Amino acid sequence: MSTVDSLQDRLVAAGVELLEEEGLAELSLRAITRRTGVSHGAPRRYFPTHNALLAAIAATGLADLATRLRTPTAGATAEEQLVELGVRYLEFAQERPAMFQLIFRHDLLANAGGNLRETSLPLLATITALIEQTGATDPPTKTITLWTNLHGLATLTLTNALDLLDPNPTSLIPGIVHTHLGQVRSASTP
């Protein structure tokens, strides 16, 4: 591994550590360079902007999320796999809340490098393929609506908004998927 790759990797690793420990608000360039032990200007050789470094950090989170969502249970129905995908999505949000927040900050990360949108498209394609297996019409639209339901659940869970209603948000996922697919089925029948 070259020195360039090593410093790039160290900067990203330090950023991931800081993000997980301190949160997105504390993820400054100065904090990353201090943790890495390099000058404040050193990252500029590899990341032209702070947002480019944030995009590289976010890419590690998207890779983790993609890995978690990639292995459905063999022999499970498409609906069961969608429930499992939803549970894994929620687990990722709960286990890595700051990373979850960062990877969906498209206002910060748009045009920052790392092709994050291209990285996230396969995740949506997984949902679309499972919805297609259910026989639903317009799977791309159904993908967006199901994803927004799951994302909303994860976001509300992270902000403790659901604590008064249901202390176990994971228990809501089968209902979300079933209701969504039930609506899909009834909308596609004459």
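User: Which residues form the one aromatic cluster in this structure?

Analyst: In this predicted model, the cluster consists of Tyr 89, Phe 100, Phe 104 and Trp 147. The structure holds four aromatic pairs.

User: Why is the pair of Tyr 89 and Phe 100 called edge-to-face?

Analyst: The ring planes of Tyr 89 and Phe 100 stand at 80 degrees, with 5.6 Å centre to centre.

User: What makes Tyr 89 and Phe 100 count as buried?

Analyst: Tyr 89 has 4% relative accessibility, and Phe 100 likewise has 4%. Buried means under 20%, so Tyr 89 and Phe 100 are both buried.

User: Why is the pair of Phe 104 and Trp 147 called tilted?

Analyst: The angle between the planes of Phe 104 and Trp 147 is 45 degrees. Stacked requires under 30 degrees and edge-to-face over 60, so this pair is tilted. The centres are 5.9 Å apart. Phe 104 lies in the loop between H5 and helix H6, whereas Trp 147 belongs to helix H8, 43 residues apart.

User: Why are Phe 104 and Trp 147 called partly exposed?

Analyst: The relative accessibility is 23% for Phe 104 and 22% for Trp 147.

Methods. Residues numbered from 1 in each chain as written. Predicted model: local features only at pLDDT ≥ 70, side-chain atom pairs only at ≥ 80, totals over all residues. Heavy atoms only, no water. Phe/Tyr/Trp six-rings, centres within 6.5 Å; stacked < 30°, edge-to-face > 60°. Buried < 20%, exposed > 50% of the residue type's maximum accessible area, 1.4 Å probe, protein only. Helix = DSSP H or I, 4+ residues; strand = E, 2+ residues; numbered from the N terminus.
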